[in-house]
Amino acid sequence: PQSDSPLVSSEACMLYFWPIFMALALLPSVDAIAPYTGLANVLIFVTIGIVMVYAVGTLVSKGIGDGIVAAEPLTSPLFFATAVYSFEGIANLLPVENSLQDRNMMIPLLWLSMS
């Protein structure tokens with residue numbers, strides 16, 4: 001019989017990642033992890049590519065299911081930008097905001113870059 005309990009508890013998962021997050025929190029400068037940011041960006045796009053290949057393959061083999069509405073072409077760039085920003089998170093927004101001469105321009109710049 002198959003059990004519904006997870007293989008690893010959520011507390012154990014948090015404990016596994018705790019040293020990594022603590023080490024990252026102790027970095028004095030974001031410049032120290034700049035090379036890894038490039039690698040992270042490549043991995044994000046590879047992940048999005050894998051999801052797209054799987055989604056298109058499923059659509060080709062099974063067709064569009066009931067209740068699924070096709071996306072509007074004008075909103076597709078905003079969707080992909082939102083997905084990428086959700087992966088990146090605040091780590092990329094704070095340095096951009098700090099480098100702006102007028103920090104009040106952050107929200108319009110964010111909207112411009114995401115659309």
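Let's start with a bend. Helix α1 has a kink of about 35° at phenylalanine 17. The kink comes shortly before a proline, proline 19. Keep in mind that this is a predicted model.

Step back to the whole protein. How many helices and strands does the protein have? Five helices, zero strands. Read from the N terminus, the order is α-α-α-α-α. The protein has 115 residues, and buried ones make up 7% of them. Its accessible surface comes to about 9,900 Å². Carbon and sulfur atoms account for 72% of that surface.

Next, helix α2. It spans residues 34–62. With 29 residues, α2 reaches 42 Å from first C-alpha to last. The expected figure, at 1.5 Å a residue, is also 42 Å. What follows α2? Glycine 63, with a positive phi near 80°.

Look inside α2 at isoleucine 44. Its relative accessibility is 11%, so isoleucine 44 counts as buried. The cut-off for buried is under 20%. Now find valine 84. Isoleucine 44 and valine 84 are 40 residues apart in sequence. In space, C-alpha to C-alpha, the two are 7.5 Å apart.

On to helix α3, residues 76–88. Leucine 78 is part of this helix. Leucine 78 has a relative accessible area of 33%, so it is partly exposed. Its C-alpha lies 9.4 Å from the C-alpha of tryptophan 111. Along the chain, leucine 78 and tryptophan 111 are 33 residues apart.

Last topic: confidence. The mean pLDDT of the protein is 79. Residues at 70 or more make up 88% of the protein. Which element has the lowest mean pLDDT, and which the highest? Helix α4, residues 90–99, is lowest at 73. Helix α2 is highest at 86.

To recap, the protein is five helices and zero strands. α1 is kinked at phenylalanine 17.

How values were computed: Residues are numbered from 1 along each chain as its sequence is written. This is a predicted model: local features need pLDDT of at least 70, side-chain atom pairs count only at pLDDT 80 or more; totals for chains, interfaces and linings use all residues. Side-chain values use heavy atoms; hydrogens and water are left out. Helices (H or I, at least four residues) and strands (E, at least two) are DSSP runs, numbered from the N terminus. Buried means under 20% relative accessible area, exposed over 50%, partly exposed in between (1.4 Å probe, protein chains only). Accessible areas come from the Shrake-Rupley method with a 1.4 Å probe; for residues, only the protein chains shown count as cover. The bend at a residue is the angle between axes fitted to the seven residues ending there and the seven starting there. The expected span of a helix is 1.5 Å times one less than its number of residues. pLDDT is the predictor's confidence in each residue, from 0 to 100.
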